[in-house]
Amino acid sequence: MPTKRLNGSEMVIEALRSEGVKVIFGYPGGAVLNVYDEIYKQNYFKHILTRHEQGAIHAADGYARASGEVGVAVITSGPGFTNAVTGIATAYTDSIPLVIISGQVPIVQIGTDAFQEIDAVGISRPCTKHNFLVKSIEELPRILKEAFYIAKSGRPGPVLVDLPKDISATYGDFDYPSEVSLRTYKPTTKGNSRQIKKVVQALKEAKKPLFYIGGGAVISGASEAIRKLVDKTHIPALETLMAKGVIPHKHPCLLGMVGMHGTYAANMAMQECDLLICLGARFDDRVTGKVSEFAKFAKIVHIDIDPSSIGKIIDVHFPIVGDLKSVCEDILECLEEYDISSIEQWRELLAKYAHMHPLGYKDSDEVLKPQWVIQKIGEILGEKAVVVTDVGQHQMWTAQFYPFSFPRQLITSGGLGTMGFGLPAAMGVKNAKEDKIALNITGDGSILMNIQELMTCVEEKIPVINVILNNNYLGMVRQWQSFFYESRFSHTDLSLQPDFVKLIEAFGGKGYRVETKEGFEEAFNKALESGVVCMLDVLIDRMEHVLPMVPGGAALNKMILE
Ligand SMILES: Cc1ncc(C[n+]2csc(CCOP(=O)(O)OP(=O)(O)O)c2C)c(N)n1
């Protein structure tokens with residue numbers, strides 16, 4: 001490609017075009033105005049104006065999670081940037097690839113407390129995979145190329161490009177690099193073959209082996225290879241919240257979700273296994289419970305693209321650094337034969353556990369149970385929806401009761417647990433997956449955190465279906481207060497509420513209040529037919545708990561079951 005003379009803003013547009021970006025989310029302001037002027041002139045990609053910078057980042061994040069591509073957001077300096085931080089941290093914790101272009105004050109004003117100046121690079125250091133402050137026009141093409149490369153390679157994550165206003169107007173030579181070579185950053189993708197052979201040997205010898213599947217399985221596209229491994233070996237598998245759908249919910253080897261609100265069978269399996277094969281999971285405290293009691297009898301295999309995550313929390317006997325998909329394929333190749341009968345007793349024991357305490361709830365005819373609502377939605381939509389959640393009890397009930405059957409079908413803030421994620425993320429999802437229904441299951445607390453994005457949905461005609469499981473409480477916090485603070489409900493009562501139906505109507509969408517089972521089906525079908533952004537305000541049992549529950553810091557087998 002011949003070198004072109006472009007200014008910084010034109011370079012940004014050209015880079016986005018070269019990267020094949022189809023949609024970006026953003027919010028303008030003075031420091032980023034030059035870039036916005038170029039956005040106005042181009043027709044390569046769509047720009048969606050959110051109503052808050054946090055919304056822009058979550059939307060780009062939802063887009064990335066649903067599509068597997070890099071999400072892009074453009075924001076301005078100062079408060080624009082600080083508003084974005086929660087979104088950036090959310091993506092960082094769940095290893096989501098984003099490129100965020102933020103306007104910055106002109107170079108000469110940096111460090112002078114100029115209007116809307118903030119140290120974006122300093123603030124974002126702990127919550128980005130990498131960040132750049134562009135100091136000259138010459139380095140901008142390289143930085144843009146590297147930003148995309150770093151965001152999506154290895155363990156993905158958000159990358160910030162902080163672009164001072166003067167540089168966005170300065171002309172320079174634009175020669176967009178076709179490749180990236182970074183001396184200090186070279187992710188290992190191929191797993192060590194000797195180590196893989198050892199794992200295969202251990203797998204054949206184990207009497208109680210167990211697959212522990214994490215979000216890395218989704219990110220690396222390893223689902224098919226993992227399914228093949230499970231189908232070949234019949235080794236029981238458990239999943240984290242972030243791995244929902246990697247193994248379809250009805251697969252006979254799947255024990256369900258592990259951890260604080262995991263199934264009895266999954267948690268007991270974790271405690272009793274003799275070989276734990278961790279496939280792209282992080283040993284998060286919500287999964288391990290008390291670390292010293294965790295998988296005490298097991299030899300541990302940990303496969304992860306990020307070497308720094310191996311051995312961080314749990315001692316590992318067989319570390320393998322590499323891309324999970326490629327390592328799983330190597331294991332499959334190396335495995336050749338596997339004697340399924342050698343683990344029959346183990347499978348029988350776990351089947352007994354699953355039978356003893358299946359996931360369940362007491363249904364009622366007087367009051368709507370949230371679990372019933374989610375099961376019903378699952379029956380109606382099944383594979384037709386990509387399900388987004390906010391954070392709280394509704395998130396856990398969704399994980400427990402929705403029949404997930406493909407990877408990227410559940411989009412949720414797992415690591416950071418960010419209330420307010422749902423609605424904007426669902427907007428991103430709908431843009432990535434037009435053929436799917438974008439369903440946001442949310443709480444009465446969470447929805448109010450980014451409710452302004454309803455306006456974006458109306459303007460951009462994004463028909464997100466929001467289901468509020470309304471318990472008039474910050475339910476998950478109230479649950480902790482019930483169990484661990486003798487029901488002193490300090491500031492978790494949300495009885496005072498807006499009229500959600502009128503609220504969404506004011507924005508220009510459709511709203512329905514639901515109090516009965518019949519009413520739910522009727523309203524839900526109307527919402528599906530409406531083709532516009534909707535909100536169902538579903539009044540549920542106010543005091544329902546998410547069970548089972550492992551109290552924070554307890555061992556996984558110390559579950560509260562009822
Ligand atoms: C931004 C943010 N603030 C606070 C919390 C702590 N928190 C976790 S769950 C929860 C309650 C959520 O309430 P709601 O959205 O109504 O959902 P429910 O638990 O009732 O289903 C809170 C406050 C959080 N996760 N995120």
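Predicted model: local features only at pLDDT ≥ 70, side-chain atom pairs only at ≥ 80, totals over all residues.
Me: Why is the pair of Trp372 and Phe520 called edge-to-face?
Reply: The angle between the planes is 80°.

Me: What makes Trp372 and Phe520 an aromatic pair at all?
Reply: Their rings lie 6.1 Å apart, centre to centre. The cut-off is 6.5 Å, so they pair. The structure holds 13 aromatic pairs.

Me: How do you know that this pair links distant parts of the chain?
Reply: Trp372 sits in helix α15 (residues 370–381) and Phe520 in helix α21 (residues 517–530). The two residues are 148 apart in the chain.

Me: Are Trp372 and Phe520 buried or exposed?
Reply: Trp372 has a relative accessible area of 11%. Phe520 has 0%. Buried means under 20%, so Trp372 is buried and Phe520 is buried.

Me: Which residues do ring pairs link into a cluster?
Reply: Tyr212, Phe283 and Phe294.

Me: What makes the charged end of Arg17 count as sitting over the ring of Tyr44?
Reply: The distance to the ring centre is 4.7 Å. The limit is 6 Å, with a further limit of 35 degrees from the ring normal.

Me: Where does the charged end of Arg478 sit?
Reply: Over the ring of Tyr473, 5.0 Å from its centre. Tyr473 also has a backbone N or O atom 3.1 Å from an oxygen atom of the ligand.

Me: Why is Asn470 called buried?
Reply: Its relative accessible area is 1%. The threshold is under 20%, so the term applies. Asn470 lies in strand β18 (residues 465–470). Beyond its neighbours within four places in sequence, its contacts include Asp444, Gln497 and Phe500.

Me: What makes the approach of Asn472 to Asn470 a polar contact?
Reply: The backbone nitrogen of Asn472 is 3.0 Å from a polar atom of the Asn470 side chain. The limit is 3.5 Å, so the distance qualifies.

Me: Which helix gives the most to the shell around the ligand?
Reply: α19, with three residues.

Technical notes
Residues numbered from 1 in each chain as written. Heavy atoms only, no water. Phe/Tyr/Trp six-rings, centres within 6.5 Å; stacked < 30°, edge-to-face > 60°. Helix = DSSP H or I, 4+ residues; strand = E, 2+ residues; numbered from the N terminus. Buried < 20%, exposed > 50% of the residue type's maximum accessible area, 1.4 Å probe, protein only. Polar contact = N/O pair within 3.5 Å; in protein donor to acceptor, adjacent residues only side chain to side chain. Contact = heavy atoms within 4.5 Å.
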